Amino acid sequence: MSTARFEQIALVGIGLIGSSIAHAARRAGLADRIVGSARTAATVEKALQLGIVDEGFPTAAEAARGSDLVVLCTPVGICGVAAKEIADAGAFRDGAILTDVGSVKGAIVRDVAPHVPAGVHFVPGHPIAGTEQSGPESGFAELFDNRWCILTPQPGCDAAAVARLKAFWEALGSQVEIMSPDHHDRVLAITSHVPHLIAFNIVNTAGHLERVTDREVIKFSAGGFRDFTRIAASDPIMWRDVFLNNKEAVLEMLQRFSEDLTALQRAIRYDEGDTLHRLFSEARALRRGIIEAGQDTDAPDFGRRIAAPPPGKTCKDKD
Ligand code: NAP
């Protein structure tokens, strides 16, 4: 039996990430059975209809019972509540691995670890892969292919459990890196959390501008704004929980961002063209580094294809 294979995987939360884990695990043959729970009966029903789970339950405890891998795939703020519910019901299987996919790691360790009984191995995780879509219908097997997954085991955690979860994520298509929760939260603050905050903010700023009508914001969105709107379409509950649970690192990175923005403002005000050219060139070089690392393609328009317009319409969605 491959170390990456489990008898029963329980997905607590069956949205984009939970359902993508199910699809990728089935593709690689990593589970005899996949079960799941969600907040609403509608999501559980949908996951059953789509064949994402073999059995669905109304509670995390029922899904976790008998599972040798439990993956918490809810918003960050719910992970501790779910772990407590499973522990209080005595539903953790002895020797099981408990993990999560939350975008923040320090707060997950703080909230989940106190509820993990002896004999259960808690290995927090975060796949650095996603889209702006939510719900069980949005998942797909390729989501994790060639993406990174970060694991943040605590000191003293069972090495075999960490190795097994690492093998699992590799079999889902990811490359795995291990780091401390604090380091994770600082890195993700600048690579993911602050960029999302900027997107939410710029989209709202444009939305609040009275002189730019809604029509103009939409019509001319391909000038750069549109890519922010895609990021800003991400789930508001998920992102509320990310910012409430990674305050320190986000506020530190925002401070740095504001200082750099002030430098740009100054360069514009005083016609410092050389400064602007140098800073933009540095940013462009970073983009090349991301492409060379295989984390995006160099296809124009961020690699997105524009859907063919409906019959009788012309495609206006172009730069
Ligand atoms: P999602 O599509 O919105 O799915 C969230 C799931 O959690 C749904 O099944 C939802 O059930 C369930 N849930 C919500 N509140 C709950 C509660 N109070 N009790 C029990 N279940 C609850 O979200 P997602 O994008 O998969 O994100 C899940 C986790 O992955 C988050 O922690 C996020 O930080 C992390 N993550 C997300 C991305 C991304 O790009 N989206 C990338 C990496 C990591 P209902 O449908 O019934 O409400």
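The chain has 319 residues, and a compact globule of that length would have a radius of gyration near 20 Å. The chain has 22 Å, which agrees with that expectation. The model is a predicted one. Along its principal axes, the C-alpha trace spans about 65 × 50 × 35 Å.

Burial and surface come next. Of the 319 residues, 39% count as buried; the cut-off for that label is under 20% relative accessible area. The chain exposes about 17,400 Å². Carbon and sulfur atoms supply 56% of that area.

The secondary structure consists of 12 helices and 9 strands. Strands S7, S8 and S9 form an open sheet, in the order S7-S8-S9. Its pairing is mixed. Strand S7 (125-127) and strand S9 (175-178) are the edge strands, and each pairs on one side only. From one strand to the next, the twist averages 20°.

| Strand pair | Sense | Bridges |
|---|---|---|
| S7 and S8 | antiparallel | 3 bridges |
| S8 and S9 | parallel | 4 bridges |

Start with the antiparallel pair. Strand S8 covers residues 148-151. Which residues of S8 are the bridge partners of His-126 and Pro-127? The partner of His-126 is Ile-150. The partner of Pro-127 is Cys-149.

Now the parallel pair. Here S8 and S9 are joined over 4 bridges. Leu-151 stands opposite Ile-178 in S9. Between these strands the chain passes through helix H6 (residues 159-171), crossing from S8 to S9. What is the hand of this β-α-β crossover? The crossover is right-handed.

In short, S8 pairs with S7 in the antiparallel sense and with S9 in the parallel sense. The path from S8 to S9 runs through H6. At the level of the whole chain, the radius of gyration of 22 Å agrees with the value for a compact globule.

Conventions. Residues numbered from 1 in each chain as written. Predicted model: local features only at pLDDT ≥ 70, side-chain atom pairs only at ≥ 80, totals over all residues. Heavy atoms only, no water. Pairing = 2+ DSSP bridges. Helix = DSSP H or I, 4+ residues; strand = E, 2+ residues; numbered from the N terminus. Axes fitted to C-alpha atoms, helices over the stretch in contact; angles between N-to-C directions. Right-handed = clockwise from strand over helix to strand, strands pointing away. Rg over C-alpha atoms; globule rule 2.2 N^0.38 Å. Buried < 20%, exposed > 50% of the residue type's maximum accessible area, 1.4 Å probe, protein only. Areas by Shrake-Rupley, 256 points an atom, 1.4 Å probe, with all protein chains shown as cover.
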